[in-house]
Amino acid sequence: METKEKVFKGFTVNGFAMMFVAIALLAGSIWLFSQFDLLGNASVVLGIVGVFLFVLLIPGFFSLEPNEARVMVFFGKYKGTFKNTGFFWVNPFFEQKDAFASCKEPGCGAN
């Protein structure tokens, strides 16, 4: 039996590195808000843009344990199955669905 499953080849980043970027972005945005006297309205606008980007980054984080998989769907189109173990960040516009593999062999846990 042939499956139509394919490996996800999209852009992925280590979740901890991207978490550092997200926190730095939020800290920079807060700093920009505090610089209103020096930079004027530009600091508020840039601060709001930074907070908006931070909020957009957050849904892209996910983690996978061993023997887990995620189906990656981009605007309704299947893009692949992600099976690497760890903490990752992907484009937040990907819909991530848990993938469950059924096992019909005796002793594998699915009876």
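Trainee: Which residues does Gln-35 touch, not counting those up to four places away in sequence?
Mentor: Gln-35 touches Gly-40 and Ser-43. Contact here means heavy atoms within 4.5 Å.

Trainee: And where is Gln-35?
Mentor: Gln-35 is in the loop between helix 1 and helix 2. Helices (H or I, at least four residues) and strands (E, at least two) are DSSP runs, numbered from the N terminus.

Trainee: Is Gln-35 buried or exposed?
Mentor: Gln-35 is buried, with a relative accessible area of 18%. Buried means under 20% relative accessible area, exposed means over 50%, and partly exposed is in between, using a 1.4 Å probe and protein chains only.
Mentor: Keep in mind that this is a predicted model: local features need pLDDT of at least 70, side-chain atom pairs count only at pLDDT 80 or more, and totals for chains, interfaces and linings use all residues. Residues are numbered from 1 along each chain as its sequence is written, and side-chain values use heavy atoms, with hydrogens and water left out.

Trainee: OK, zooming out. How many helices and strands does the chain have?
Mentor: Three helices and six strands. From the N terminus on, the order is β-α-α-α-β-β-β-β-β.

Trainee: What share of the chain is buried?
Mentor: Of its 111 residues, 27% count as buried. The chain exposes about 8,200 Å², and carbon and sulfur atoms supply 65% of that. Those areas come from the Shrake-Rupley method with a 1.4 Å probe; for residues, only the protein chains shown count as cover.

Trainee: What about contacts along the sequence?
Mentor: Take contacts between residues at least 6 apart in sequence: 58% of them join residues at least 24 apart.

Trainee: Let's do helix 1. Which of its residues are buried?
Mentor: Gly-15, Met-18, Ala-22, Ser-29 and Leu-32 are the buried ones in helix 1. Seen down the axis, the buried residues of helix 1 fall within an arc of 110 degrees, so they line one face of the helix. That arc is taken from the directions from the helix axis to the C-beta atoms.

Trainee: And what's exposed on the other side of helix 1?
Mentor: Phe-16, Phe-20 and Ile-30 are exposed there.

Trainee: What covers the buried residues of helix 1?
Mentor: The cover includes strand 1 (12-14), helix 2 (36-39), helix 3, strand 2 (61-64) and strand 5 (86-90).

Trainee: Now helix 3. How many residues, and how far does it reach?
Mentor: Helix 3 has 17 residues and reaches 25 Å from its first C-alpha to its last, close to the 24 Å expected at 1.5 Å a residue. The expected span is 1.5 Å times one less than the number of residues.

Trainee: Which residues of helix 3 are buried?
Mentor: Ser-43, Gly-47, Gly-50, Phe-54 and Leu-57. They cover an arc of only 85 degrees around the axis, which puts them on the same side of helix 3. On the other side of helix 3, Asn-41, Val-45, Phe-52 and Val-55 are exposed. Cover for the buried residues of helix 3 includes helix 1, helix 2, strand 2 and strand 5.

Trainee: What makes up the nonpolar surface patch?
Mentor: Val-45, Val-49, Phe-52, Leu-53, Leu-56, Phe-75 and Phe-93 make a patch of about 700 Å². Patches are made of residues with over 30% relative accessible area and no salt bridge: like charges are joined within 9 Å, nonpolar side chains (Val, Leu, Ile, Met, Phe, Trp, Tyr) within 5 Å. A salt bridge is a side-chain nitrogen of Lys or Arg within 4 Å of a carboxyl oxygen of Asp or Glu.

Trainee: How accessible is Leu-56?
Mentor: Leu-56 counts as partly exposed at 31% relative accessibility, and Leu-53 does at 40%. The C-alpha atoms of Leu-53 and Leu-25 are separated by 8.1 Å, though these residues are 28 apart along the chain.

Trainee: And what is phi for Phe-75?
Mentor: Near 50 degrees, a positive value in a residue other than glycine. Most residues other than glycine have a negative phi. Phe-75 lies in the loop between strand 3 and strand 4 (77-82), and at 66% relative accessibility Phe-75 counts as exposed.
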